[in-house]
Amino acid sequence: MGRKKHPLEDSDVDISVSPPKRSAAGLPSLSETLPHAMADLGPSRAWKTLRAVNQKDGFDCMSCAWPDPPERKAAEFCENGAKAIGWEAEPLRIPTQFWADNTLSALESKSEYWLGQQGRLVEPVFKAAGSDHYEPVSWDRAFEVIAHELNGLETPDQATFYTSGRTSNEAAFLYQLFVRAFGTNNLPDCSNMCHESTGVAMGETIGVGKSAITYADFAKADLIIIMGQNPGTCHPRMLTALEEAKEAGAEIVAVNPLPEAGLINFRNPQRPRGLVGKGTDLADQFLQIRIAGDMALLQALSKRVLDAERAAPGTVLDRTFIDEHCQGFVGFAAHLATLNERDVLIATGLGSADIDELAARYVRADKVIITWAMGITQHKKAVPTIKEIINLLLLRGNIGKPGAGPCPIRGHSNVQGDRTMGIWEKMPPRFLEAIEQEFGFATPRNPGVDAVDSIRGMRDGRIKVLIALGGNLVHAISDTKVAEAAVRKTRLSVQISTKLNRSHVVVGEQALILPTLGRTEIDRQGGVAQFVTVEDTVCAVHRSVGPLEPIAPNVLSEVAIVSRMAHSVLGDKVPVDWAGLGRNYDAIRDHISRVVPGFEDFNARIREKDGFVLPHGPRDSRTFPTATGKAMFSVNELETITIPKGRLLLQTIRSHDQFNTTTYAMNDRYRGIKKGRMVLLVNPSDLAGLGFEDGAYVDVHSEADDGVDRVLSQLRLVAYPSARGCAAAYYPEANVLVPLDSTAEESNTPASKSVIIRLEPAAAPVYGSAAD
């Protein structure tokens, strides 16, 4: 395929800034979606993919885990979903000559955006020790290299096996089976960096770390509280559910340091009023909270609920639910009685009247959903903050009834399914016992390492091999320079991928890239078309079948790669028919049905048109599989971040033209940023107080207890209506500012949303001319 001309990069032109938008979607969304898909795919290919995405007989969009409605629209996708599909399914291929023309040293200087624009990977390539080039190799040779390095380790724990959330249930189950048969529980995944805090907090308090609502519950809710979340960019189809809820009478409250266009007004592009009218105003109340102030807000809300009960006994709390289903209420209530209102106001930046208004909404509502994302999970105190969400819901029985419950919103479309399938370094003994009974080999029982500890292990020389089933670990993880240096110390790094990213050019002494099929492609094994399955954010499991012919004949599916890799490494050491499982995905699902609870009779149930929903005790029957069998009220000490004078608190954010570390374009339309990503959003009053002007350039230094000077250079300052004392910069570029050891308590998730920074004046960058 010939090369296409790529849009300009942020290093090529000056950044353009305009006022942020106050509505999302509408005609601008259509004008972005269709031309983008047509340019990437061509009319025929675009039609074939877009009409199949998120349909009951089609494939699951890879851009987020938002659940599908029971009745699907003809266009069941959003702008960012269409961009994700175009990015994956474009027909452009990386030619063999590319590897001879480009040294690794040269590729390291390219941006994430440039790398992703080069086209699909279509052949295995290998970088030998001492070489600065990848060279094409056969699949057999690639697996020989992996087997040689893994079998040469002193212990299986010297390898770590990363997984991206886009991996299917079948590939994830086979991958963890291979890793445990190899002899380790080192199974880090992208959950470690996003919703691990959610899993820990909900697991301890209600016994299940997944959403306790269904899609239909949004339209049944009286109140929906959205915290630390930007659905207009990160999961735009959620706006449709919020619009439906609003029309059914729900109130909506947004709690966030930044005003987000999608929560102000939604112009539904599938409705006339969304295209030519004013759309739907969503948030009835916006609490512009300071970064990391959510725990204080939640405690203040619960205290107000308790005060309202004392003022009118028997009218506010759900005493029957608390008495029958909960434990720890007395200690929780006594603890909140000592909460200092002044501390709350300092931590949140809100007024008492703002909190009073939300508390009144909560007391007035019979059915409440609280939903959140990374703005809650990526703080030092993320786990106790999420426990406070559960505390607030428990007070009025808002778990286990229609229209109510906690709803963490996942990112990747199967990140939740991966965990269900066993991708976790700390799977419970009952799962490991089921594996042993099903397959007849002993599983390792020592806990493995998560994503952060994998980087520490590579840095310290304890981990010598990194294998990644999808993803972009080196760019997604915190402390970029430390992470890159750590990966370079490995003996072998292996990436199983559809397209190039930063993790392909920051590699070990030896490196392999193994090309794999995407969600959009037909997966044939032995001439027979297979399908895979995924689990969405509300525990619904359904099929995914790509409509397109594979990009090239030499590209293997993830399942095929894992099965062949397992056979090459293990041979006959364990009684598993790796080749047979790679040929027939039904055989994998049969094993899953006997190992994973809720998947009984998997092959029959998944062939039903709507798939099925996994059981969920708290949601379905108000049964709580905790240590006590009850939902647990928890006592959490409020700890706030002290920001020194002249400093700001930074959070990392996504742009609108981005999915995780993948950049589709250099714009962030809703925030008014075009032609670049190297910006720092700061409240105008803070800029004035620090002596800086809008449009000036600064070097951003993070300040951590370890004394290391981490710097992100030459960011343009943008005066932006953020919360006072707070700033925002784009992920993953700003990961360099987040210390590896700055993580959430209990979950070890990078604390990417609460970084103390100082600004130093810098010269403006010198822009060159655009190049192809």
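1. Ala, Val, Leu, Ile, Met, Phe, Trp, Tyr, Cys and Pro count as nonpolar, Asp, Glu, Lys and Arg as charged, and the others, Gly among them, as polar. By that scheme, the lining of the largest pocket holds 14 nonpolar, 11 polar and seven charged residues.

2. Basis. This is a predicted model, in which local features need pLDDT of at least 70, side-chain atom pairs count only at pLDDT 80 or more, and totals for chains, interfaces and linings use all residues. Residues are numbered from 1 along each chain as its sequence is written, and side-chain values use heavy atoms, with hydrogens and water left out.

3. Overall form. A compact globule of 772 residues would have a radius of gyration near 28 Å; the protein chain has 25 Å, which agrees. That radius is taken over C-alpha atoms, and the globule rule is 2.2 Å times the number of residues to the power 0.38. The C-alpha trace of the protein chain spans about 75 × 65 × 55 Å along its principal axes.

4. Secondary structure and contacts. The protein chain has 31 helices and 31 strands. Helices (H or I, at least four residues) and strands (E, at least two) are DSSP runs, numbered from the N terminus. Contact means heavy atoms within 4.5 Å. Among contacts in the protein chain between residues at least 6 apart in sequence, 79% join residues at least 24 apart.

5. Burial. Buried residues make up 63% of the 772 residues in the protein chain. Buried means under 20% relative accessible area, exposed over 50%, and partly exposed in between (1.4 Å probe, protein chains only).

6. Nonpolar cores. In soluble globular proteins, nonpolar side chains tend to be buried together. A nonpolar core here is a set of buried Ala, Val, Leu, Ile, Met, Phe, Trp, Tyr and Cys residues joined through side-chain atoms within 4.5 Å. The largest has 66 residues, and those with the most contacts inside it are I146, L150, F161, F178, L514 and W578. Helix α8 (residues 169–182) gives the most to this core, with 10 residues. A second, separate core has 52 residues, including M202, L306, V344 and Y362.

7. L150 in detail. Not counting residues up to four places away in sequence, L150 touches A159, F161, F178, F182, V465, I467 and V569.

8. Largest pocket. On a 1 Å grid over the protein atoms alone, a cavity is a set of points where a 1.4 Å probe fits but cannot get out; a pocket is an open set with protein on both sides within 12 Å along at least five of seven lines; lining residues have an atom within 4 Å of a point. Grid points are joined across faces, edges and corners, and a volume is the space filled by probe spheres set on the points. The largest pocket has a volume of about 1100 Å³. Its lining has 32 residues, of which G207, V208, G209, K210 and R430 lie nearest its centre. The elements that give two or more residues to this lining are α9 (196–205), α21 (415–420) and α22 (429–439). α9 gives the most, with five residues.

9. Cavities. The whole structure has seven cavities of 30 Å³ or more. The second largest cavity holds about 250 Å³ of space. Its lining has 19 residues, of which G518, R519, E521, D523 and V532 lie nearest its centre. Two elements, β18 (528–530) and α26 (558–570), are those that give two or more residues to that lining. By class, the lining has eight nonpolar, six polar and five charged residues.

10. T377. This residue lies in helix α19 (residues 374–377). T377 counts as buried because its relative accessibility is 0%. Leaving out residues up to four places away in sequence, T377 touches C194, H195, S197, T198, W372, A382, I386, A744 and T749.

11. D318. The loop between α14 (294–311) and α15 (319–325) holds D318. D318 is partly exposed, with a relative accessible area of 23%. Beyond its neighbours within four places in sequence, D318 is in contact with L395, R396 and G397.

12. Backbone points to check. Most residues other than glycine have a negative phi, and most peptide bonds are trans. The peptide bond from Y731 to P732 is cis, with omega near 5 degrees. P732 sits in the loop between β30 (726–730) and β31 (755–761). E746 is also placed in the loop between β30 and β31, and has a positive phi of about 75 degrees although it is not a glycine. K675 has a positive phi, near 65 degrees, and is found in the loop between β26 (673–674) and β27 (679–682). K675 is partly exposed, with a relative accessible area of 45%; for E746, likewise partly exposed, the value is 48%.
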